[in-house]
Amino acid sequence: MRSSLAVLLLAFLPCGVLAQNDRDWRLCRAADADHLAIPACTRLINAGALSERDRATAYVIRGSAHWRQRDFDEAIADENEAIKIDPNLAAAYVARSAAYGSKEDDDQAIADASKALEIDPNLAAAYLDRGIARGHKDDLDGAITDTTRAVELDPNNALGLIALGMLHAKKREPGLAYADFGKATEVEPRGGFDGYRVRGMAFERRNDFRHAIADFSRWIEIDPACAFAYALRADAFLRNADDEHAFADAGRAIDINPRSAVGHEIRGRIYAFRRDPARAADDFTAWIETEPKNASAYHLRGRVYTDNYDYDRAIADFTREIEIEPDNADAYRGRSLAYVKKQNPTAGLADYNRGIEAAKRKIQSSDRPLQ
């Protein structure tokens, strides 16, 4: 998971385990090779020869590997087992917090991070998880307090710096945000997932796609079976106007993990750009199946349906987007256009006006002076 959590997981391994040369333990702890770590942890868990403490630790590590692979339900299931075995295992709550946060269950993410901090008040990863979840709930001041504390505890936590930058950007403080992203790019990578992934994301935030692609490529060299690595490199290629390489990487991500949300998003966008609405809609549908609460997925599929004269499906998608984000002006505009093309100008005008009101509310709610 995060670099600070990786250290925490090792700290919970008893000295006898750390000292042994057992191949499965070494592979289980291979945080940058999940295709090796997950089966190795599974063998340890199923062998029946571990102490309860060691078995809980193996569940935490395997759950973290599932989280890195974006298999969030499997991650939560493993952390649940670890907590059943040892209710005071802080690492399990941190790992479960990250998984719940990735599933957009911010309340549970906050609860788990807070529980971890009750056990150990100096866990940088717990502060970071709680800060990210608070940011999702628009508690920006609380989020910045937690994320700042995470960076204080772990100054080389690149993901913490990125999260802090995103929070400053959300508060319309671009100077602070740009500085945070810059600091993140200067952090020396510590392995594939915790290092090159995070630094690559930081380069992307600064629109330095060449360096982002280089870091994601290094991550792929370390863990060639990681779908998420290909998906993020596909995103960087697409942002760098290289849709051929983006398309290839998105396809590779989907081949490895058919539920790769980012892979389906990128490939769907490219299919839409190439005027292939049927394949674009299929990819966006697969994205929705993986992330059913992602408003952007419904919006993009709604646009494809509109362009393909399937107005009823388009209206249904924009309606679902509005249910998820009631103040999304673009959703109202999209539905307005679909209604107009369906020869329902009254409904179209009503949505057009709703979109204007939603845009006004957004401007008023973020009416802060830029730094």
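A crossing of two helices is left-handed if the near helix is turned anticlockwise from the far one by less than a right angle, and right-handed if clockwise. The close-up views described below are all taken from a predicted model.

**Figure 1. Packing of helix α6 against helix α7.** Helix α6 comprises residues 72–85 and helix α7 residues 90–102; the two pack at an angle of about 155°, with their axes 9 Å apart. Angles over 145 degrees count as roughly antiparallel, and α6 is therefore roughly antiparallel to α7. In the sense defined above, the crossing of α6 and α7 is left-handed. On the α6 side the contact involves Phe72, Ala75, Ile76, Glu79, Asn80, Ala82 and Ile83, which meet Ala92, Tyr93, Ala95, Arg96, Ala99, Tyr100 and Ser102 of α7. By class, the residues of this contact of α6 with α7 comprise 10 nonpolar, 2 polar and 2 charged.

**Figure 2. Packing of helix α15 against helix α16.** The axes of α15 (residues 227–239) and α16 (residues 243–256) come within 8 Å and cross at roughly 160°. This angle makes α15 roughly antiparallel to α16, and the crossing of the pair is left-handed. Helix α15 contributes Ala227, Tyr230, Ala231, Arg233, Ala234, Phe237 and Leu238 to the contact, while α16 contributes Asp243, His245, Ala246, Asp249, Ala250, Arg252, Ala253 and Ile256. The contact of α15 with α16 holds 10 nonpolar, 1 polar and 4 charged residues.

**Figure 3. Residues with positive phi in two loops.** Most residues other than glycine have a negative phi. Ala241, although not a glycine, has a positive phi of about 65°. The residue is found in the loop between α15 and α16. With a relative accessible area of 70%, Ala241 is exposed. Asp138 is likewise not a glycine and has a positive phi of about 65°. Its place is the loop between α9 (124–136) and α10 (140–153). At 54% relative accessibility, Asp138 counts as exposed.

**Figure 4. The disulfide between Cys28 and Cys41.** A search of the whole structure finds 1 disulfide. The bond joins Cys28 to Cys41, with an S to S distance of 1.9 Å. The torsion about the S-S bond of Cys28 and Cys41 is about 95°, so the disulfide is right-handed. Cys28 lies in helix α3 (residues 23–28) and Cys41 in helix α4 (residues 34–47), so the pair ties together parts that are 13 residues apart in sequence. Both Cys28 and Cys41 are buried. Cys226, by contrast, is in no disulfide, and the nearest cysteine sulfur, that of Cys41, is 15 Å away. Cys226 is also buried, with a relative accessible area of 1%.

Figure 5. Ala202 is placed in helix α13, which spans residues 192–205. Ala202 has a relative accessible area of 0% and is buried. When its neighbours within four places in sequence are left aside, Ala202 is in contact with Ile162, Phe181, Ala184 and Thr185. The C-alpha atom of Ala202 is separated by 29 Å from that of Glu321, which is 119 residues apart from Ala202 along the chain.

Methods. Residues numbered from 1 in each chain as written. Predicted model: local features only at pLDDT ≥ 70, side-chain atom pairs only at ≥ 80, totals over all residues. Heavy atoms only, no water. Disulfide = S-S within 2.5 Å. Helix = DSSP H or I, 4+ residues; strand = E, 2+ residues; numbered from the N terminus. Buried < 20%, exposed > 50% of the residue type's maximum accessible area, 1.4 Å probe, protein only. Axes fitted to C-alpha atoms, helices over the stretch in contact; angles between N-to-C directions. Parallel < 35°, antiparallel > 145°, perpendicular 65-115°, else oblique. Contact = heavy atoms within 4.5 Å. Nonpolar A, V, L, I, M, F, W, Y, C, P; charged D, E, K, R; others polar.
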